[in-house]
Amino acid sequence: MRVGLLGLGRIGAFHAATLAAHPLVDELIVADPVRTSPHGRPGDPFDADAVVIATPTSTHAELLVEACRRGVPAFCEKPAAVGVKETLEVLAASRGNRVRIGFQRRFDAGYMRAAAALRDGELGELHRVHLVTADPAPPPAAYIPLSGGIYRDCHIHDFDILRWVTGREVDWVHAAGANRGAGFFRESGDVDNSAALLGLDDGTLVTLQGSRYNGGGYDVRMELAGTEGTQVVGLGPRAPLRSAEGLQPPGEPWPDFVTRFEQAYVDEIDGFLRDDPRLCSVEEALAALYVAEAAELSRREGRPVQVAEVRA
């Protein structure tokens with residue numbers, strides 16, 4: 001098939017190499033206003049059998065609507081759009097067209113095993129979940145005002161994988177944040193450290209922590225505690241953790257998200273080309289965004305927020 005790719009930044013360049021090497025891809029058409037790629041030829045990326053969108057967030061909605069208008073199946077890195085209104089517009093445009101949103105943790109081996117363990121009853125009845133997403137260094141200062149804040153930009157991955165692994169919906173959120181680093185976070189109305197308590201619709205309690213300044217390395221984990229056992233995702237040989245009892249992971253800590261989820265990104269693109277059911281739909285992306293919206297409102301107003309409050 002012929003595949004179009006929009007955006008050749010860090011993740012876009014990674015996708016270009018993946019697509020060029022894929023056995024189902026005969027031709028790759030790339031488009032970026034400033035970058036080129038050795039893996040494809042310039043051209044109209046919508047003149048293809050499918051399109052992959054890896055451009056800045058502010059362009060996602062417009063490009064997805066265009067893909068739907070032209071009847072081209074589309075995969076877009078998260079989020080589908082900058083806000084709820086724009087995501088609803090994408091949802092309306094996508095009726096009758098295949099649109100999938102990139103939440104690569106669904107294709108990570110650890111999260112898949114955890115979902116299977118919970119589904120097969122190995123953990124018993126789920127009682128508690130703990131989530132961590134912590135970057136070793138912050139994004140560029142210019143990115144922060146456009147990011148939507150740490151809950152929409154970073155923790156939306158946690159909210160999606162929480163729904164996907166547990167099969168439950170988030171009922172309420174009580175979120176907080178702190179500024180411990182550069183001033184540009186505070187100047188943009190954002191925070192660089194985060195914590196939240198969430199309640200699922202079956203009463204399961206969820207705790208969440210995050211940071212833009214995790215000195216140990218890139219740390220992403222999910223702990224599932226049930227009546228028959230506890231399972232942890234992300235506690236591998238490259239986990240950026242030091243045990244006070246001497247149980248030190250033997251490998252170098254993960255340096256960034258692309259390295260940590262390299263295979264998941266490859267498998268997700270393969271999944272898009274083969275229409276894998278693990279892929280995130282626009283409806284599911286909207287559900288995760290609603291949780292992020294509730295978390296941000298909770299952080300700003302200092303109170304618990306029902307997710308129903310922010311639903312359109």
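Biologist: In which helix is Glu-296 found?

Modeller: This is a predicted model, and in it Glu-296 belongs to helix 11, which spans residues 282-301.

Biologist: Is Glu-296 buried or exposed?

Modeller: Glu-296 is buried, since its relative accessible area is 2% and the cut-off for that term is under 20%. If neighbours within four places in sequence are set aside, Glu-296 is in contact with Tyr-151, Arg-152 and Gly-189.

Biologist: Let us turn to sheets. What is the strand order of the open sheet of seven strands?

Modeller: Strands of a sheet pair through backbone hydrogen bonds, in either a parallel or an antiparallel sense. Here the order is 12-11-7-10-9-8-14, and the pairing is mixed. Strand 12 and strand 14 (305-306) stand at the edges; each has a single partner strand, so one side of each is left without a neighbour in the sheet.

Biologist: In what sense does strand 7 pair with strand 11, and over how many bridges?

Modeller: Strand 7 (residues 126-134) and strand 11 (residues 219-226) are antiparallel and share eight bridges. As one instance, Arg-128 has Ala-225 of strand 11 as its bridge partner.

Biologist: And in what sense does strand 7 pair with strand 10?

Modeller: The pairing of strand 7 with strand 10 (residues 205-211) is parallel, over seven bridges. Thr-133 has Gly-210 of strand 10 as its bridge partner, and Leu-131 stands opposite Leu-208 in strand 10.

Biologist: How many of the nine residues of strand 7 are buried?

Modeller: In a regular strand, side chains alternate between the two faces of the sheet. In strand 7, seven of the nine residues are buried, so that the strand is mostly covered.

Biologist: How should I read a helix in the same manner? Which residues of helix 4 are buried?

Modeller: An α-helix has 3.6 residues a turn, so residues three or four places apart point the same way. In helix 4 (residues 109-119), the buried residues are Gly-110, Tyr-111, Ala-114, Ala-115, Ala-117 and Leu-118. They lie on the same side of helix 4, because they cover an arc of only 160 degrees around the axis. The face turned away from that buried side carries the exposed residues Arg-113 and Arg-119.

Biologist: Against which elements do the buried residues of helix 4 pack?

Modeller: They pack against strand 7, strand 11, strand 12 (230-233), helix 7 (156-166) and helix 9 (257-260). Two of those partners, strand 7 and strand 11, also pair with each other.

Biologist: What is found at the start of helix 4, and which residue follows the helix?

Modeller: At the start, a side-chain oxygen of Asp-108 comes to within 3.1 Å of the backbone nitrogen of Gly-110. After the helix comes Gly-121, with a positive phi near 85 degrees. Gly-121 lies in the loop between helix 4 and strand 7 and is partly exposed, with a relative accessible area of 40%. From Gly-121 to Val-233 the separation is 112 residues in sequence and 17 Å in space, C-alpha to C-alpha.

Biologist: How many residues of helix 7 are buried?

Modeller: Helix 7 is mostly covered, with 10 of its 11 residues buried. Among them are Ile-156, Phe-159 and Leu-162, together with the charged residues Asp-158, Asp-160 and Arg-163.

Biologist: How many disulfides does the structure hold?

Modeller: A disulfide is a covalent bond between the sulfur atoms of two cysteines. The structure holds zero disulfides. Cys-76 is in none, and the nearest cysteine sulfur, that of Cys-68, is 11 Å away. Cys-280 is likewise in no disulfide; the nearest cysteine sulfur to Cys-280 belongs to Cys-76, 11 Å away. Cys-76 is buried, at a relative accessible area of 0%, and Cys-280 counts as buried at 1%.

Biologist: Which residues does UniProt list for the domain "GFO/IDH/MocA-like oxidoreductase"?

Modeller: The unreviewed UniProt entry lists residues 111-230 under that name. In the model this span is 28% helix and 35% strand, and its end C-alpha atoms lie 14 Å apart. UniProt also places "Gfo/Idh/MocA-like oxidoreductase N-terminal" at residues 44-100, again in an unreviewed entry. That span is 35% helix and 18% strand, with its end C-alpha atoms 20 Å apart.

Note on methods
Residues are numbered from 1 along each chain as its sequence is written. This is a predicted model: local features need pLDDT of at least 70, side-chain atom pairs count only at pLDDT 80 or more; totals for chains, interfaces and linings use all residues. Side-chain values use heavy atoms; hydrogens and water are left out. Buried means under 20% relative accessible area, exposed over 50%, partly exposed in between (1.4 Å probe, protein chains only). Helices (H or I, at least four residues) and strands (E, at least two) are DSSP runs, numbered from the N terminus. Two strands pair if DSSP finds at least two bridges between them. Contact means heavy atoms within 4.5 Å. UniProt positions are given in the numbering used here, feature names are shortened, and annotations may be inferred rather than shown by experiment. The arc is that of the directions from the helix axis to the C-beta atoms. A polar contact is a pair of N or O atoms within 3.5 Å; within protein, one must be able to donate a hydrogen and the other to accept it, and residues adjacent in sequence count only if both atoms are side-chain atoms. A disulfide is a pair of cysteine sulfur atoms within 2.5 Å.
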